[in-house]
Amino acid sequence: MPVYKRKYVSGKTAWYFKFQAPGATRLHAMILREHGFATKQAAMEAEAKRRAEELQKFDLAKSGAAGVAAKLPTTLAMLLQEFFRQHADEKLAPKTIERYHEMGACLAQELLAMPLAEITPLHLNREWTRLLKSGGHHRRTKIPRPLSTKTVRNIAGVVSSAFGRAVRWGLVATNPVTNSEPPVPRKRIKMALLPSEQAVMIDSVAGPWFLPMFLDLSAATGARRGEILALRWSDIQGDYAAVERSLTQTNHGIEFKGTKTDNPRRIELPPSALAHLERHRKRQNEFRQQFGPDYRADLDLIFANPDGTPVRPDSISSPVSLLCRRLGLPKGASLHTLRHSHASVLLANGVDLATVSARLGHSSVRVTADIYSHALRGRDREAACRWDELMGRTPSQGHPKPVN
């Protein structure tokens with residue numbers, strides 16, 4: 001049995017598995033192992049899943065050796081691998097690619113092993129139900145846990161995209177996901193902070209030297225985290241910030257990429273933000289002189305570590321979330337809340353939808369309208385009252401009498 005028990009000096013007991021990878025030989029032994037399971041059963045389930053995954057990788061590697069003439073995908077696992085290789089890995093952003101692979105790994109091995117032509121909407125419905133109940137696992141204990149409706153729907157989206165390609169490639173006649181019933185997440189109103197709450201948040205922040213200015217610019221522009229971290233001083237053009245790229249973080253590190261919609265945009269900066277940036281630049285110049293030739297001046301980053309290197313995006317979000325909880329801000333407030341707050345405040349105070357959409361970098365005005373419908377409803381009430389004013393009516397009146 002490839003599952004073993006290990007007892008530590010502290011008295012704690014844990015389980016682990018190890019086995020020889022498919023294709024290993026006496027000369028080239030490839031032992032796969034994973035530690036830290038709380039129970040024997042958890043270790044056995046993880047071992048079975050890993051063994052199946054490695055076997056599929058081995059089979060795909062063998063079939064891929066023949067190049068174009070390689071065996072066509074016949075199972076869902078093979079289709080997903082082909083979909084990732086031909087489409088996702090080539091055309092999508094690094095973080096999206098990583099997330100696609102993570103979601104594909106959540107699917108049951110029994111479903112992955114099924115022939116494509118035999119997979120029905122019922123099979124998929126059963127899988128969506130399983131994922132909702134126990135599709136995930138706790139990082140430390142590996143104990144199964146439920147997945148959210150949003151995550152399950154996203155997984156269904158990946159499977160649907162793969163089947164859509166399979167239809168194009170002539171592998172199947174129809175896409176079974178379209179007739180399945182993945183869960184529909186409950187639509188939630190995006191949280192927005194009041195201007196006073198945003199001010200308290202910015203004034204109270206501690207941590208990396210650049211964080212107060214980072215939060216100030218986030219609130220003033222509504223730009224995404226990665227977009228602000230990728231800004232260079234050369235992107236500040238007069239009163240505008242040219243948003244042309246984003247900084248993303250994956251398991252392989254950090255890198256610069258295009259914006260979410262791949263459409264560069266210019267965001268006009270408030271005078272207060274421009275003044276704060278000047279003070280920020282003076283502080284950064286002190287670090288530049290301190291590090292001398294070792295400072296990464298070539299990157300020209302506005303928000304950087306003291307030596308001028310890029311900041312890891314994930315290192316910012318957690319401290320800001322902790323700060324929000326410590327300050328007693330509304331539950332769920334986070335760094336991304338500043339983006340929603342920017343849009344909500346502008347819309348609630350009469351800035352037109354198209355302008356707000358352009359500042360946020362949405363792909364269309366419709367996206368902005370869908371997300372911020374709660375703020376637009378307030379504007380709709382104002383429009384109704386304005387209509388009464390224009391028509392010469394008061395709440396207690398009916399139709400005004402015609403003037404002779």
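T129 has its place in helix 5, which spans residues 121-134, in what is a predicted model of the chain. With a relative accessible area of 38%, T129 is partly exposed, and its C-alpha atom is separated by 9.8 Å from that of P146, a residue 17 places away along the chain. The chain as a whole contains 15 helices and ten strands, and buried residues account for 38% of its 404 residues. Among contacts between residues at least 6 apart in sequence, 56% join residues at least 24 apart.

**Helix 7 and helix 12**

- The axes of helix 7 (residues 195-204) and helix 12 (residues 337-348) come within 11 Å of each other and cross at roughly 150 degrees; because angles over 145 degrees count as roughly antiparallel, helix 7 is described as roughly antiparallel to helix 12.
- The crossing in which helix 7 passes helix 12 is left-handed, and the contact is made by P195, Q198 and M201 on the side of helix 7, together with L338, S341 and V345 from helix 12.
- Sorted by class, the residues in this contact of helix 7 with helix 12 are four nonpolar and two polar, with no charged residues.

**The two faces of helix 7**

- The buried residues in helix 7 are E197, Q198, M201 and I202, and because they cover an arc of only 135 degrees around the axis, they lie on the same side of helix 7.
- The cover over the buried residues of helix 7 includes helix 8 (211-221), helix 11 (314-326) and helix 12.
- On the face of helix 7 that is turned away from its buried side, the exposed residues are P195 and D203; P195 is also one of the residues through which helix 7 makes its contact with helix 12.
- Q198 and M201, in turn, are among the buried residues of helix 7 and likewise take part in the contact with helix 12.

**Helix 3 and helix 6**

- Two packed helices are described by the angle between their axes and by the distance between those axes.
- For helix 3 (residues 94-104) and helix 6 (residues 149-168), the packing angle is about 100 degrees and the axes are 9 Å apart; since angles of 65 to 115 degrees count as roughly perpendicular, helix 3 and helix 6 are roughly perpendicular to each other.
- R99, Y100 and M103 of helix 3 make this contact with T151, N154, I155 and V158 of helix 6, and the residues involved divide into four nonpolar, two polar and one charged.

- E54 lies in helix 1, which covers residues 40-64, and it counts as buried because its relative accessibility is 14%, where buried means under 20%.
- When neighbours within four places in sequence are left aside, E54 is in contact with F19, P22 and L32.
- D300 is found in the loop between helix 10 (271-291) and helix 11, and its relative accessibility of 22% means that D300 counts as partly exposed.
- The phi of D300 is near 60 degrees, which is a positive value in a residue other than glycine. Most residues other than glycine have a negative phi.

Conventions:
Residues are numbered from 1 along each chain as its sequence is written. This is a predicted model: local features need pLDDT of at least 70, side-chain atom pairs count only at pLDDT 80 or more; totals for chains, interfaces and linings use all residues. Side-chain values use heavy atoms; hydrogens and water are left out. Axes are lines fitted to C-alpha atoms, for helices over the stretch in contact, and angles run from 0 to 180 degrees between N-to-C directions. Helices (H or I, at least four residues) and strands (E, at least two) are DSSP runs, numbered from the N terminus. Angles under 35 degrees count as roughly parallel, over 145 as roughly antiparallel, 65 to 115 as roughly perpendicular and the rest as oblique. A crossing is left-handed if the near helix is turned anticlockwise from the far one by less than a right angle, and right-handed if clockwise. Contact means heavy atoms within 4.5 Å. Ala, Val, Leu, Ile, Met, Phe, Trp, Tyr, Cys and Pro count as nonpolar, Asp, Glu, Lys and Arg as charged, and the others, Gly among them, as polar. Buried means under 20% relative accessible area, exposed over 50%, partly exposed in between (1.4 Å probe, protein chains only). The arc is that of the directions from the helix axis to the C-beta atoms.
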